[in-house]
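Hi everyone, thanks for coming.

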Amino acid sequence: MDTKKILEILCAEKGISGRENEMSDIVKQLLGDFCKIRTLTTGTVIAEMCSNESSYHIMLDAHIDRIGLTVTYIDENGFLCVEPVGGIDLRSLPGKAVTVGNGIMGVICTMPPHLDKDDSGLDRSKIRVDTGLPTERVRELVKTGDSVILKSKFRELLNDRIAVSALDNRAGCAVLVKCAEMLRENQPPCRVSFVFSSQEETNESGAKTAAFILQPDEAVVVDVGFAKQDGVPSDKSGAVGCGGIISIAPVLSKNITDRLISIAENRNINCDFEVDGGGTGTNADGIAVTAGGIPCGVISVPEKNMHTQTECVSVGDIEACAVILSDYVMGEGIRNV
Amino acid sequence: MSDLELLKRLCTADGISGDESRVRAIIEDEIRPYADEMYTDAMGNLIVFRKGRERAKTKLMISAHMDEVGFIVTDITSEGMLKFAPVGGINDSAVFAGQVLVGKNKISGIVCSKPLHLLSADEKKKCPKMDSLSIDIGVCSKEEALKYVRPGDSIVFDSFYDDSEGRIISKAIDDRFGCLVMIEMIRSELPYDMYFTFCVQEEVGLRGSACAAYTVAPDSAIVIEATTAADVPFSEGEKRVCLAGGGAVVSFMDRSTIYDKEYYDMAMRLARENNIPAQTKTMIAGGNDAGAIHRSRGGVRTIAVSVPCRYLHGSAALIRISDAEAVSEIVRILASEIAGNDKTY
């Protein structure tokens, strides 16, 4: 399927952390024809591709949850008190449109200029959502615990870049889908599990529990990374359009990282690198120490405006990451290293 | 006010101050069969005369503005990022991470800043100032950007529109709503002759209406507007200014005008007599084209009737349809009363 189409399907207004089960039908739609799909108790969705010849097992992980907000209280005037789910960028909220619960549009409340004299800054305890409806109607339509999703249009920028909310990490999920489509044509020599893991944005629990259940021989995590732009350190970022960012870090398997780098070189993909002194801030940190330990690698799609409603990635980077992963699986990862 | 489909077309049309032609074209098409005279003046104001059943005793001008707030491209960096300035009063906080459309070709862009994860604790809690932001349209160099956009291009919010459940969420309700009320009056049979002015450049200093009022030279004027409703959380009492759902807003005074006292009383009386919900502003705040019109030529008796609007100059402003209907009804009755009576005190 066309990568943009995959992204548009994946960036549906659903599936904030803890509500990933809302995404299982979408994974089935994209991969159900050629993978065995199952959903774990954590909400993590696994799509499995088996090989007849080998029991060597590679796990490819991308978290499928998106950041958002959740309704905690409906006040006497019908305004919704909300709490962030995941590390939402508070700076992006004031005055923006959101979708509440079952598709009701709302606006994040702001103070008009004549009252906006308070310079103490954004306060997460003061975020309110206005649906504009009378209180009784709000109480009929909205319940505490309902999701609130940052709205944005699915927009194409120039040079095949896509701007929309939820690209962290539906862009990573799109890499897995593209990779699965490539492997489908080539028949992988080993067992592959595509793990669309839950709750990365809250406590990284989905990937860790999935890794425990699967006990793979190794795992590669796909996430989004920082795009190079003004004020972003160059050793922590990759240029949008470079093809992807490969992580180098003490907690990762050197063999996997080296293998990913050499595949990128063979394919003439000019990956950038993110070098960390310890953990990577991705699911790999937890997967690596699951059960008796699982060797991990990380590849990321460079992204702008992370954790806002206008995250932005390049379609070419998603496709390049998928090529690298597909080659990686076809070479059976680090099995023969 | 009944033509919600037209309001949607008006609100989603792009027309920042100084670039109102697309909005004007929609209005011209809608009123052409009904207007007795219609022309666009040197400023871009659309001036319309509509004959009524009788000649007016008081020459009345009804006015609303076509322009909306937005941005303008000021510069392009060597990396191809667009720098921009606000056109009209936009809060810094409403801008970051917004979706926008740039220039005539509606190039999609997003407003970018440094990512959250790399900010200090202090920076995370402050909305970035507009001059620290830039717009990404997906290019990597100034040369490439210049193929699609250039300094001076207009920028508008690429926003959502929803008119379900008795309320409207959209950009540019200020003041396309006022334009709709006037269009519907022009399309209906009027009791007296009246002038209608669809003005430009309200948001950058009440500039179009000053010239329109000079040209029309009315005795009296009614301004139809959208005004800030501050009935939001953490705002109390008089600081709420006016309430969404509280009816049409009739002002006695704001930052630009002390309104005609007799007209103010008349509007409130007519609302009461006709069971139309009305309220006034509980703070002396804001301003609109009345500020220019009432001191045009030798002076014009002026009143403003507004729809209370939350998040007025943002990408997602919000009004109640019941309030919009109340404004429309009061303006019709008030216009008839003013035009049908002698102008003198």
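First, one term: I call a residue buried if 20 or more other C-beta atoms lie within 10 Å of its own, with C-beta atoms placed from the backbone. And please keep in mind that this is a predicted model.

With that, let's go to helix α9 of chain B, residues 321-339. Buried in α9(B) are Asp323(B), Ala324(B), Ala326(B), Val327(B), Ser328(B), Glu329(B), Ile330(B), Val331(B), Leu334(B), Ala335(B), Ile338(B) and Ala339(B). How far apart are the end C-alpha atoms of this helix? They are 27 Å apart, and this agrees with expectation because 19 residues at 1.5 Å a residue should span 27 Å.

Now over to chain A, for the barrel. Six strands of chain A close into it, in the order β4-β5-β8-β7-β6-β9, with antiparallel pairing. On average, neighbouring strands of this sheet are turned by 40 degrees against each other, ignoring direction. Let's pick one pair: β6 (residues 97-100) and β9 (residues 147-150) of chain A are joined in the antiparallel sense over three bridges. There you can find Val98(A) standing opposite Leu150(A) in β9(A).

Finally, how do the two chains meet? On the chain B side, 48 residues are in contact with 50 residues of chain A. Elements of chain B giving two or more residues to that side are β7 (107-112), β10 (167-170) and β16 (317-320). The largest share, four residues, comes from β7(B).

Terms used:
Residues are numbered from 1 along each chain as its sequence is written. Chains are lettered from A and ligands numbered from 1 in the order in which they are written. This is a predicted model: local features need pLDDT of at least 70, side-chain atom pairs count only at pLDDT 80 or more; totals for chains, interfaces and linings use all residues. Two residues are in contact if their C-beta atoms, placed from the backbone, lie within 7 Å. Two strands pair if DSSP finds at least two bridges between them. Axes are lines fitted to C-alpha atoms, for helices over the stretch in contact, and angles run from 0 to 180 degrees between N-to-C directions. The expected span of a helix is 1.5 Å times one less than its number of residues. A residue is buried if 20 or more other C-beta atoms lie within 10 Å of its own, exposed if 12 or fewer, and partly exposed in between; C-beta atoms are placed from the backbone.
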